[in-house]
Structure formats: C-alpha cells, structure tokens
Amino acid sequence: FLLDFNSKVNKNKVNITEVVITIQSGGGLVQPYALAAAQVARLRDNTSNITLTICVDMVAASGGYMVACQSSPGQLFAAPFAMVGSIGVVGQTINIHRILEQKGVQTLTFKSHEAKAPIGMLGEVTEEGIEHVKEQFGEVFDAFKTLVSVARPQIRDSIAQIATGKVWLGQDALEIGLVDRVVTSDEYLSDGFQVFRMKPYQREGIFARALHPSGRGNASCGILDSLWIAIVQLWSRIWVVWKAELISIIAKAGVVLSSSS
C-alpha cells in the first residue's frame with residue numbers, strides 16, 4: 001500500500017522525478033479495477049513533484065483502461081498496435097429454470113426483495129429481474145464514464161461517442177484523445193532517461209504465499225505451483241468440453257439465455 005511516498009523518497013535521499021507504470025490488461029470485474037484505479041490516482045495526487053507516466057504496450061481495455069487513464073496529464077502513452085478503450089459494461093449468465101421444470105424439478109428462491117439477486121441460474125427469469133439488472137449495469141456504466149471524464153477532461157464532451165465498448169489502436173486512440181502519445185515503453189524509457197530502478201511484478205504462487213508468509217519461497221513451492229497450474233489447466237479443458245455439452249442440451253431444451261450490457 002502507498003502510505004507516504006514522498007517521505008520514503010526523502011529518507012533515502014533519492015531524487016525521483018517520474019514513476020512509469022506499464023499496464024497490460026483486458027479488464028475484468030469492475031470492483032477490483034476501480035480499486036486499482038483509485039490506488040493509482042492516489043499515487044498521482046499525493047506526489048505533486050513526481051510525474052506518473054503510464055505506458056500501454058499491448059492492451060488496456062475496459063478495466064485496464066480505467067486504471068491506465070489515471071496517469072498525470074499528458075502522460076498516457078500507447079504503442080502503435082496497442083488496443084485501448086472498451087469503455088463499457090458487459091455481463092452474461094445462463095438460466096436452467098425451464099429445463100429443470102421439464103424434468104419435474106421445482107426450484108425455490110427466497111429473498112427479501114426483488115432487487116436482491118434479481119437473476120440467478122436456477123430461479124425463474126422475470127421482466128422485473130431483467131430490469132433490475134439493466135438498471136444496475138446502467139449505474140456502473142455511468143460511473144465508469146464519469147471516472148474517465150474526470151481523469152481525461154479533454155474527452156468529456158465526446159465521452160458518449162467514445163464509450164461504446166469499442167477498442168482503438170494506438171494512433172486512432174491518440175486522435176480521439178484516449179492517449180497522449182504513440183510510443184512503446186522501451187522507446188520512452190530509452191529517450192535520455194536515467195532509470196533509477198525497474199521492478200517487474202510477478203504474482204506469487206499460492207503455495208509460496210501459504211508456506212512462506214514472508215514472501216521467500218523455495219524450490220518445493222515452485223514444484224507445487226507447477227502441479228497446481230497443471231491441475232487448473234486440466235480442469236479448464238474438462239470445463240470446455242462439459243460447457244459445450246451443457247450448451248447443446250440447453251439449446252435443445254429452449255432454455256433462456258440471459259445477458260445484459
């Protein structure tokens with residue numbers, strides 16, 4: 001967590017003038033990305049004498065762009081073929097209520113209000129439930145557009161035309177104001193800068209975190225992590241086959257497929 005960046009810099013007598021972050025993300029759940037965007041914005045706002053530059057070499061879409069647009073003014077860069085944008089909200093689910101009814105299976109759902117979990121996998125899909133989900137998605141979408149507009153005021157007037165879920169390549173993104181310059185992170189860092197420290201981030205395996213809370217793993221953790229990855233990959237393949245069969249069954253039974261965006 002960023003607590004007091006300036007005091008740490010001064011304590012170590014390091015003259016840091018710029019922090020460069022490279023982002024590669026196609027997005028995901030809105031809450032984690034919104035939190036990451038808030039943390040990056042805090043780094044930008046709490047260090048007035050330090051420029052926060054964000055580089056996109058491959059992709060910063062949806063939640064990825066939500067984080068990327070928190071750079072200091074004029075400091076959001078993208079490579080020529082980087083994919084940027086996708087400002088929008090999407091979600092989908094399947095509902096097997098009808099197929100269960102056909103098999104004589106009754107599903108019971110108890111909730112305090114219709115707005116509580118309006119659409120689930122087992123219960124009946126209602127028009128009221130669909131409207132509740134659409135309303136929730138609309139609220140998140142409006143908040144997303146506001147966040148981008150505040151971070152990049154130059155596109156505030158055109159946010160309605162930009163926030164369609166579309167992605168742009170670097171040069172096109174520059175022309176509509178999503179980024180400030182077309183350049184790769186390597187090109188930018190080699191442009192006469194003295195790099196004080198470059199720290200790549202790699203997520204630690206779950207076994208290393210569990211067995212070594214201090215963050216110092218060992219060879220056995222690496223083996224366990226590799227085994228865990230193999231299990232996950234095997235399950236993913238099984239899921240793909242099973243999902244295809246499930247979709248086939250659902251299509252034959254005429255089950256409602258529900259999606260919102």
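How many helices and strands are there in the protein? In this predicted model, the protein contains 10 helices and nine strands. Of its 261 residues, 32% count as buried. The accessible surface amounts to about 17100 Å², and carbon and sulfur atoms account for 58% of that area. When contacts between residues at least 6 apart in sequence are considered, 66% of them join residues at least 24 apart.

In one of them, four strands are arranged in the order β1-β2-β4-β8, and the pairing is parallel. Strands β1 (18–22) and β8 stand at the edges with a single partner strand each, so one side of each lacks a neighbour in the sheet. Within this sheet, strand β2 (residues 51–56) runs parallel to strand β4 (residues 76–78), and three bridges join the two. Helix α2 (residues 30–45) lies across β1 and β2, and its direction makes an angle of about 140° with β2.

The other sheet is also open and consists of three strands in the order β3-β5-β7, with mixed pairing. Its edge strands are β3 (59–61) and β7 (167–169), each of which pairs on one side only. On average, neighbouring strands of this sheet are turned by 30° against each other, direction ignored. Strand β3 is joined by three bridges to strand β5 (residues 83–85), and these two strands run parallel. Here V59 stands opposite M83 in β5.

Three salt bridges were found in a search of the whole structure. The side chains of R152 and D180 form one of them, with an N to O distance of 2.7 Å. R152 is located in the loop between α5 and α6 (159–162), whereas D180 belongs to the loop between α7 (170–176) and β8 (181–182); the pair therefore ties together parts that are 28 residues apart in sequence. The two partners can also be described by their accessibility. R152 counts as buried at 2% relative accessibility, while D180 is partly exposed, with a relative accessible area of 24%.

A further salt bridge links the side chains of K145 and D142, with 3.7 Å from N to O. Because these two residues are three positions apart in helix α5 (residues 127–151), about one helical turn separates K145 and D142. D142 is partly exposed, at a relative accessible area of 45%. The side chains of R44 and D45 also meet in a salt bridge, at 2.8 Å from N to O. For D45, the relative accessibility is 49%, and the residue counts as partly exposed.

The surface also carries a nonpolar patch formed by L234, W235, I238, W239 and W242, which together have about 580 Å² of accessible area. One of these residues, I238, lies in helix α10 (residues 219–253). With a relative accessible area of 42%, I238 is partly exposed.

Technical notes:
Residues numbered from 1 in each chain as written. Predicted model: local features only at pLDDT ≥ 70, side-chain atom pairs only at ≥ 80, totals over all residues. Heavy atoms only, no water. Pairing = 2+ DSSP bridges. Axes fitted to C-alpha atoms, helices over the stretch in contact; angles between N-to-C directions. Buried < 20%, exposed > 50% of the residue type's maximum accessible area, 1.4 Å probe, protein only. Contact = heavy atoms within 4.5 Å. Areas by Shrake-Rupley, 256 points an atom, 1.4 Å probe, with all protein chains shown as cover. Patch = residues over 30% accessible without salt bridge, like charges linked within 9 Å, V, L, I, M, F, W, Y side chains within 5 Å. Salt bridge = Lys/Arg side-chain N within 4 Å of Asp/Glu carboxyl O.
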